[in-house]
Amino acid sequence: MRYEFLVGLRYTRSRRRAQGRNRFISFISAVSMLGTALGVAALIVVLSVMNGFQEELRTRILGVASHVQVTTFGGELESWQRVADQAGQHPEVLAAAPYVQEQGMLSFDQVVRGTLVRGVLPAEEEGVADFARYMKAGSLDALQAERFGIVLGRDLALSLRVHLGDKVTLIAPQGLVTPAAVLPRVRQFEVVGIFEAGMYEYDSGLALIHLRDAQVLYRLDEAVSGVRLKLGDLFSAPRVARELAGYIDDRVIVTDWTRSHANFFRAVALEKTMMTIILFLIVAVAAFNIVSTLVMAVQEKQADIAILRTLGASPGSIMSVFVLQGAIIGLVGLAGGVAAGLLLANNLDVVIPFLEKITGATLWNKEIYYISELPSKVLASDVSTIVSVSFVLTLVATLYPSWRASRVNPAEALRYE
């Protein structure tokens, strides 16, 4: 072992018999380690939650929405089958399904709720969405033409206080013009299914009916609102959306999920960036605590430094001793922070309920955060970036005190010894 490392390690360790300033320096070293560990652990946990939130949000949105939508300027697509066939010629399009999407109002036992009504073909819809996985009661296949069945989101069904087999009244905003007045279009639907996508926006505001029933209710004849497409790679949606213009003859509007839900993902990305910067400042504060630790250590160890210099140690070796001392403090803090951060990030499903039980407060409200549970996804790239930047900050913090140590004059240091 090189003596620089041996001396730096010995200066770092807390000795039981240390007194006065030596004990205080050891205490400051422990505080620096703890601060670095807390900052690194917080960074890992927060970034893991941000990653998990972004992925979970994307998965749940695209489990109910679609990768690409083809619509028209007027909102009515007449020849949807031809459009679906032409879009299906693109090699990355896996499935296509028509849909009708309109506003409506549901009423049951004097309870009224506004909702988004989507008319679908159950067989085709399974190719572009994951409703079968989200069904909590009933089945999407129970939607049959002219049977007037309806599938509700779980929170919407709870707010209406309905169960399978109950009949709800759907009121369409398009009215019937009569000599007496304009009457709303009203139809009773039987609840044949309840789904829970885990995203409050859809669970509380989406109702599914058969495509033909939607066409009749909203007086669309054979037209639909558009065609939904599923791709092999969801991240290629912007490119595929542009390329589909060369496959479809009709004048249509092609939008992808990155445009229709851009606000969600931009908000998450911005929040992740800002939280990263803020938490790195915490790590920087903890790292620069090492400066005060090493400055006091240099002041305390001037006699030791002078003796090493008289024995032939070079200024570079003296500087290495204190750089190694600071690096050891930083590495111990980093190791503890990484271990604690990974442990917390991978067990949030246990930690959050435990904290809610102790505090009696709701730490995760799905009505605010759109999804029903706190997600977490640890990325190796994030952990490596955190460790690298934190270690660099630690090394930068050691440079000035170490340089001061290398400039100690042996004669001046030993004059009063």
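Colleague: Is the crossing of helix 13 and helix 16 left-handed or right-handed?
Modeller: This is a predicted model, where local features need pLDDT of at least 70, side-chain atom pairs count only at pLDDT 80 or more, and totals for chains, interfaces and linings use all residues. Helices (H or I, at least four residues) and strands (E, at least two) are DSSP runs, numbered from the N terminus. A crossing is left-handed if the near helix is turned anticlockwise from the far one by less than a right angle, and right-handed if clockwise. For helix 13 and helix 16 the crossing is right-handed.

Colleague: How is helix 13 oriented relative to helix 16?
Modeller: Axes are lines fitted to C-alpha atoms, for helices over the stretch in contact, and angles run from 0 to 180 degrees between N-to-C directions. Angles under 35 degrees count as roughly parallel, over 145 as roughly antiparallel, 65 to 115 as roughly perpendicular and the rest as oblique. The axes of helix 13 (residues 315-345) and helix 16 (residues 380-406) come within 8 Å and cross at roughly 155 degrees. Helix 13 is therefore, relative to helix 16, roughly antiparallel.

Colleague: How many residues of the contact of helix 13 with helix 16 are charged?
Modeller: Contact means heavy atoms within 4.5 Å. Helix 13 brings residues including F322, G326 and L334, and helix 16 brings residues including F391, L395 and W403. Ala, Val, Leu, Ile, Met, Phe, Trp, Tyr, Cys and Pro count as nonpolar, Asp, Glu, Lys and Arg as charged, and the others, Gly among them, as polar. The contact has 17 nonpolar residues, seven polar and, as for charged ones, no charged residue.

Colleague: How do helix 11 and helix 13 lie to each other?
Modeller: The axes of helix 11 (residues 262-300) and helix 13 come within 11 Å. They cross at roughly 140 degrees, in a right-handed crossing. The two helices are therefore oblique.

Colleague: Which residues of helix 13 does helix 12 meet?
Modeller: The axes of helix 12 (residues 302-310) and helix 13 come within 10 Å. From helix 12 come I305, L308 and R309; they meet, in helix 13, P315, I318 and F322.

Colleague: How many residues apart in sequence are the parts tied together by F131 and F195?
Modeller: Rings of Phe, Tyr and Trp (its six-membered ring) pair if their centres lie within 6.5 Å; planes under 30 degrees apart count as stacked, over 60 as edge-to-face and the rest as tilted. F131 and F195 are edge-to-face, at 5.3 Å centre to centre and 80 degrees between the planes. Residues are numbered from 1 along each chain as its sequence is written, and side-chain values use heavy atoms, with hydrogens and water left out. F131 lies in helix 5 and F195 in strand 7, so the separation is 64 residues.

Colleague: Which element has the lowest mean pLDDT?
Modeller: pLDDT is the predictor's confidence in each residue, from 0 to 100. The protein has a mean of 81. Strand 5 has the highest mean among the elements, 93, and the lowest, 61, belongs to helix 15.
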